[in-house]
Amino acid sequence: MSGKEKTVVITGANAGIGYQVALAFCQQGARVVMACRSKDKAEQARSELLEQVPAGNIDILPLDVSELSSINEFARQFADEIGELDILINNAGIVTPHLHRNSLGYELHLATNYLGAFAVTGLLLPFFKSSRQTRIVNVGSLAHRFGKFDFNDPNWNQRKFNHWKAYAQSKIATASFTQELNRRLQLTGSDTIALGAHPGFAATDMGRKTGATTPSTRFGQWYQNKMEAWIVGPPNQAAQPILYAASENGVEGGDYYGPTGWFEIKGKPGPARINPLAKNVEFGKRIWAISESLTGVSYLADLETKSNSLESGC
Ligand SMILES: NC(=O)c1ccc[n+]([C@@H]2O[C@H](COP(=O)([O-])OP(=O)(O)OC[C@H]3O[C@@H](n4cnc5c(N)ncnc54)[C@H](OP(=O)(O)O)[C@@H]3O)[C@@H](O)[C@H]2O)c1
């Protein structure tokens with residue numbers, strides 16, 4: 001499939017890694033749908049993209065991935081105005097030091113980084129073109145390797161809030177969802193595959209906007225800037241593993257990509273280390289079930305579980 005024939009939806013496409021992914025697809029001649037929460041920022045980003053690729057084919061659709069009402073409205077507008085897609089990139093994400101909740105009371109890392117992707121995917125699934133290999137790429141993080149998911153208290157109602165643990169929880173859920181999504185797609189005989197990719201560390205606004213990664217002292221800030229220039233990659237380099245998963249020939253559903261340099265922080269894209277928990281099917285089924293229950297979006301019923309229960313007469 002040439003770039004020109006593709007329609008690509010990217011959440012959080014107005015900044016950082018999502019913007020770089022949008023730029024690369026514009027350069028390939030794809031139709032790019034920027035799914036963004038701020039109209040002004042999205043329009044500004046589209047102008048910048050068009051400066052670089054004047055023939056760019058770019059749509060903007062409003063989407064706040066942390067709010068189910070916005071996701072439902074986005075899906076409705078997508079059906080009316082776009083209607084079909086080849087690639088979905090669930091990229092939008094946050095890290096914030098304080099406990100925030102969406103309008104349903106869900107903790108904001110979980111709602112934004114994970115539950116939004118689960119619901120957007122379910123609602124866009126019917127629009128994937130059939131008869132060619134289409135892809136869903138979920139953007140992960142090195143942090144998923146340390147992630148634990150608390151099924152009793154996913155929204156931090158009882159636990160003392162820790163933002164890095166909340167971020168890691170959202171990313172282990174994303175990694176597990178990717179595997180379980182791919183498994184269920186395969187069981188239905190779908191042409192669509194699901195893959196994961198992480199950017200390593202990138203010098204984007206992530207964490208800076210909210211102060212989550214800003215040291216409190218001036219020396220700390222100076223030191224961070226120095227270290228960042230040395231260790232961390234620029235956003236266009238960090239976007240490469242995501243582009244690899246989305247475009248490269250020969251990738252397979254369930255693959256996970258990242259930078260292949262020191263500690264997967266930056267470098268050429270290639271296979272990345274995945275937390276074995278993400279590959280655990282029972283864990284994946286539990287993540288799926290809690291996601292359906294929290295979002296109210298249900299899709300790809302587990303055929304394997306269904307056929308097992310039919311065989312056993314349940
Ligand atoms: N940068 C890193 O080192 C790093 C490391 C590991 C993983 N990642 C992952 O990479 C992805 C992109 O991060 P980035 O570094 O490019 O960060 P970024 O520069 O802060 O960009 C994040 C994008 O997500 C959007 N977003 C945030 N909340 C949203 C919401 N509720 N609805 C819709 N869009 C929303 C932002 O929109 P606004 O501009 O409106 O805020 C922005 O467009 C995230 O999934 C992140 O977890 C990044």
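These are my notebook entries on one chain, looked up feature by feature.

**Setting up.** I am working from a predicted model, in which local features need pLDDT of at least 70, side-chain atom pairs count only at pLDDT 80 or more, and totals for chains, interfaces and linings use all residues. I number residues from 1 along each chain as its sequence is written.

**Whole chain.** I find 10 helices and 8 strands. Helices (H or I, at least four residues) and strands (E, at least two) are DSSP runs, numbered from the N terminus. The chain has 314 residues, and 48% of them are buried. Buried means 20 or more other C-beta atoms within 10 Å of the residue's own; exposed means 12 or fewer, and partly exposed lies in between, with C-beta atoms placed from the backbone. I also looked at contacts between residues at least 6 apart in sequence: 75% of these join residues at least 24 apart. A contact puts two C-beta atoms, placed from the backbone, within 7 Å.

**Helix 3 against helix 4.** Two packed helices are described by the angle between their axes and the distance between the axes. I took helix 3 (residues 68-81) and helix 4 (residues 108-124). Their axes come within 10 Å and cross at roughly 25°. Helix 3 is therefore roughly parallel to helix 4. Axes are lines fitted to C-alpha atoms, for helices over the stretch in contact, and angles run from 0 to 180 degrees between N-to-C directions. Angles under 35 degrees count as roughly parallel, over 145 as roughly antiparallel, 65 to 115 as roughly perpendicular, and the rest as oblique. The crossing is right-handed. Right-handed means the near helix is turned clockwise from the far one by less than a right angle; left-handed means anticlockwise. From helix 3, L68, I71, A75 and F78 meet G116, A119, V120, L123 and L124 of helix 4. I sort the residues of this contact into 8 nonpolar, 1 polar and no charged. Ala, Val, Leu, Ile, Met, Phe, Trp, Tyr, Cys and Pro count as nonpolar, Asp, Glu, Lys and Arg as charged, and the others, Gly among them, as polar.

**Helix 4 against helix 5.** Here the axes come within 7 Å and cross at roughly 15°. Helix 4 and helix 5 are roughly parallel too. This crossing is left-handed. The contact holds 9 nonpolar residues, 6 polar and 1 charged.

**Around the ligand.** Which residues come nearest to the ligand? Of the 30 around it, they are G12, G16, G93, T204 and M206. A residue is near if its C-beta atom, placed from the backbone, lies within 6 Å. Helix 1 (16-28) and helix 4 each supply at least two residues of the shell. Helix 1 gives the most, with 3. The shell divides into 12 nonpolar, 14 polar and 4 charged residues.

**Two positive phi values.** Most residues other than glycine have a negative phi. W156 has phi near 55°. I place W156 in the loop between strand 5 (134-139) and helix 5 (163-187). W156 is buried, because 21 other C-beta atoms lie within 10 Å. L300 has phi near 45°. L300 is in the loop between helix 9 (281-295) and helix 10 (303-311). With 18 other C-beta atoms within 10 Å, L300 is partly exposed.

S130 lies between helix 4 and strand 5. Is S130 buried or exposed? S130 is exposed, because it has 9 C-beta neighbours inside 10 Å. The C-alpha atoms of S130 and D191 are separated by 6.6 Å, at 61 residues apart along the chain.
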